[in-house]
Amino acid sequence: MISGRLRNTEYIVNLRALENNIKAQKAVLPANSKIFAVVKGNAYGHGLVPVAQAALRAGATGMCVAILDEALELRDNGIDDTVLVLGITPVEVANVAAQAGVSLTVGSVDWIEHYHELAQQFPWKKPLKVHLGVDSGMGRIGFTDIAEFDKAAKMLREYPEFEFEGMFTHFATADSADHSYFDTQYDRWEKFVDSLDELPPFTHMANSATGQWHREKITANTVRMGITMYGYNPSGTELPFDFDLQPIGTLKTEMVFVKKLEKGRSVSYGATYTADQDEWLATLPIGYADGYPRCMTGFKVLVDGQFCPIAGRVCMDQMMIRLPKYYPVGTPVVLMGQSGDNKITPEEMAERAGTINYEILTNFNNRVHRTYHY
């Protein structure tokens, strides 16, 4: 099937750079540290299965996803390594995870008791792998009370339908120059760790930002590598990288229409752009239906290594740019990535769009074909 490859717009993913990023992170971690590659959100927009496969080649121990559907897609594509669902999965479908050997996050005793009751009806006894979530200050999911946490851990060890595989927390401000809240969360996490006589096989408290700027605080044996695996900065522009990483994605398209726009003529919806002199204009076959933000009017793309401004509003499927001179139809255009000596980063795009680089990356949808390079 070649559908999707006929379009002259693509997202090029450098899997060798991704593998190098994982190896670079592992090289600066405490000895024998394991890495869980975070591939939720279609691997931050880069393609779930190819990225997971590349991460495993680079030495990752397992994967983290957000929902059970993502985990099952990995299983369906032959990935049998550890896969942890970071979100809360409804108890009623948790048996699907158990059958597939997928690990689930649990954040309450009630969830464990409910599954224990349901499991008595199962004709099979394959244990459900569980990671207990600790809410040290993120405020989303997980245990906040140590006594409840200890009770949950005891139940997981006593009930045969469970396997106590891991425990983890998530930091809210590890990407901030102010370390005070991070330190508060860290101290809470350590109290949960100290409450157990025996730790499960996987303990993980370090996200991408912690792996960058708080490595001296990493006492757990596993690190969740998210946006840094893709070569991008967890803090946006607030903090510089602590070690070198390579961006892995390039968003490219081609000019499909080129014309001379006469002085006084307007462009796109709302006629918000009007030429103040005769100029060359190109139309690109990409828009906000592909995940390129509508609010990027006046931003820039790269043509032949030169910055060219977006003219008028970004449309659903097309956008227009102003050229410094005539270029023929078919001329390549880089919307994110490098061309010549210049580059456009998701951090710059995010700043223009009033968001974060994570949202820019994950918005690129499956209408944009992924091409993988090694």
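Colleague: Which residues lie nearest the centre of the largest pocket?

Modeller: Keep in mind that this is a predicted model. The largest pocket holds about 700 Å³ of space, and its lining runs to 30 residues. Those nearest the centre are K40, L86, M138, R140 and H170.

Colleague: Which element gives the largest share of that lining?

Modeller: Elements that put two or more residues into the lining are α2 (40-44), β4 (82-88), β6 (128-134), β7 (162-169), α9 (208-213) and α11 (357-363). The largest share is three residues, and it comes from α2.

Colleague: How do the lining residues of the largest pocket divide into nonpolar, polar and charged?

Modeller: Met and Leu count as nonpolar, while Lys and Arg count as charged. With that sorting, the lining of the largest pocket comes out as 15 nonpolar, ten polar and five charged.

Colleague: On to the rings. Why is the pair of F36 and F202 tilted?

Modeller: The structure holds 13 aromatic pairs, by the way. Ring planes under 30 degrees apart would be stacked and over 60 edge-to-face, with the rest tilted. The centres of F36 and F202 are 5.0 Å apart and the planes sit at 50 degrees, so the pair is tilted.

Colleague: Which strands does that pair link?

Modeller: F36 and F202 are 166 residues apart, so to speak in distant parts of the chain. The strands are β2 (residues 34-38) for F36 and β8 (residues 202-206) for F202.

Colleague: Is F202 buried or exposed?

Modeller: The cut-off for buried is under 20% relative accessible area. F36 has 0% and is buried. F202 has 9%, so F202 is buried.

Colleague: What distance separates the charged end of K217 from the ring centre of Y186?

Modeller: A charge needs to be within 6 Å of the ring centre to sit over it. K300 does this over the face of F307, at 4.5 Å. For K217 over Y186, the value is 4.7 Å.

Colleague: Last one: is K325 buried, partly exposed or exposed?

Modeller: K325 is in the loop between β17 (319-323) and β18 (332-339), and its C-alpha is 43 Å from that of V38. Exposed would take over 50%, and buried under 20%. At 45% relative accessibility, K325 is partly exposed.

Definitions and conventions. Residues are numbered from 1 along each chain as its sequence is written. This is a predicted model: local features need pLDDT of at least 70, side-chain atom pairs count only at pLDDT 80 or more; totals for chains, interfaces and linings use all residues. Side-chain values use heavy atoms; hydrogens and water are left out. On a 1 Å grid over the protein atoms alone, a cavity is a set of points where a 1.4 Å probe fits but cannot get out, and a pocket is an open set with protein on both sides within 12 Å along at least five of seven lines; lining residues have an atom within 4 Å of a point. Grid points are joined across faces, edges and corners, and a volume is the space filled by probe spheres set on the points. Helices (H or I, at least four residues) and strands (E, at least two) are DSSP runs, numbered from the N terminus. Rings of Phe, Tyr and Trp (its six-membered ring) pair if their centres lie within 6.5 Å; planes under 30 degrees apart count as stacked, over 60 as edge-to-face and the rest as tilted. Buried means under 20% relative accessible area, exposed over 50%, partly exposed in between (1.4 Å probe, protein chains only). A charge sits over a ring if NZ of Lys or CZ of Arg is within 6 Å of the ring centre and within 35 degrees of the ring normal.
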